[in-house]
Amino acid sequence: MMSNYRIYRRKQDLGKRINRLHNIEQLAIGILDTGTADQLRESLDWYAEHMNYSLHVVTQEGRLDIPQMQELYKDVTFLVFTTHTFTGEKVNAVANECQTNLFLIVRSDLVLVRFDGAVLLSAMAEVDHPAAYCSVLANAYREIVPCVRSPRLVERELDPGSRFPSLEGKDSNTLYPIYCLGLYDRALFQRLRGFDEDIHSEYWQALDWGIRVNLLGYDLMVNNGLLMQFPNRESVIEDRSEAPGFLRCYTKALSVHRGNGKNLARQYKGYVDKDVYKSEVKKRMIWLQKKDFTTLIEQWPGEDA
């Protein structure tokens, strides 16, 4: 598929570039340009000083003077979208371009309070590592908000449960990364086909990806070694309203039923995208899923697990 962004690559000197050909970098940081120009510059200054990793800024045409920014930040790659786009597509772009083992997604209107590299990077190097570590989130008052999600159906609607994370360094299973913020295994992210760009909602993109990860037998974790704060937001609330493409999430999440060790496809009444049912569920998900959504709810680790 043709990408709708332009790439302005970092201006490394030749020696650095040759060295990098022989060494795959471990981590890239994708900074989503979600605040003011001043906030972006403050973020870039901070990351350049404190996080010696490959930096990628994802922005939209017309927001920045790119040649000027390239002069100021020679080691930063800029991914500039030509049209309005949703967060999942921006994250997909970082995954496509970063060429690293792991990538961390942050935003210019938040502060990375804690990144415990010793814990997170070693955990992601384990054979049985999670697909991603999703960030613990705090508001303007430095209060941790409920950012651990669990699978839940209320009547017939997807309505994930929420609770607070452990603040004792323990991993907590979570259903999806809120605002897509987290530390991702790049190869696994791409093997799981990234975020669905035909869903036009940050929340539904994240929920769709997270459910898919869990149904395919992988884990998503929250650990307080990764903590981000919104310094200007008193409340940190997702927009869960229905949006174009949200039925794609329902269809992939709820159309496969497992019984006697076998998967069966059956449309989830009232919440189905028939094209997705034919192309995704019957051709892919039915063969790949390790469990169905009902089993996911039943087997979900409790608060003390």
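This is a predicted model: local features need pLDDT of at least 70, side-chain atom pairs count only at pLDDT 80 or more; totals for chains, interfaces and linings use all residues.
Across the whole structure, a search identifies 19 salt bridges. One of these joins the side chains of R10 and E25, with an N to O distance of 2.9 Å. R10 belongs to the loop between strand 1 (5-8) and helix 1 (14-22), whereas E25 belongs to the loop between helix 1 and strand 2 (27-32), so the contact ties together parts of the chain that are 15 residues apart in sequence. With a relative accessibility of 13%, R10 falls in the buried class, because that class comprises residues under 20% relative accessible area.

A further salt bridge is formed between the side chains of R63 and D33, again described by an N to O distance of 2.9 Å. This pair links distant parts of the chain, 30 residues apart, since R63 is placed in the loop between strand 3 (54-60) and helix 3 (66-72) and D33 in the loop between strand 2 and helix 2 (37-50). The two partners fall into separate accessibility classes: R63 is partly exposed, at a relative accessible area of 42%, while D33, at 8% relative accessibility, is buried.

The side chains of D109 and R107 likewise meet in a salt bridge, for which the N to O distance is 2.9 Å, and in this case both D109 and R107 are buried. Beyond such pairs, salt bridges with shared partners connect D196, D198, D208, R212, R248 and K252 into one network.

Technical notes. Residues are numbered from 1 along each chain as its sequence is written. Side-chain values use heavy atoms; hydrogens and water are left out. A salt bridge is a side-chain nitrogen of Lys or Arg within 4 Å of a carboxyl oxygen of Asp or Glu. Helices (H or I, at least four residues) and strands (E, at least two) are DSSP runs, numbered from the N terminus. Buried means under 20% relative accessible area, exposed over 50%, partly exposed in between (1.4 Å probe, protein chains only).
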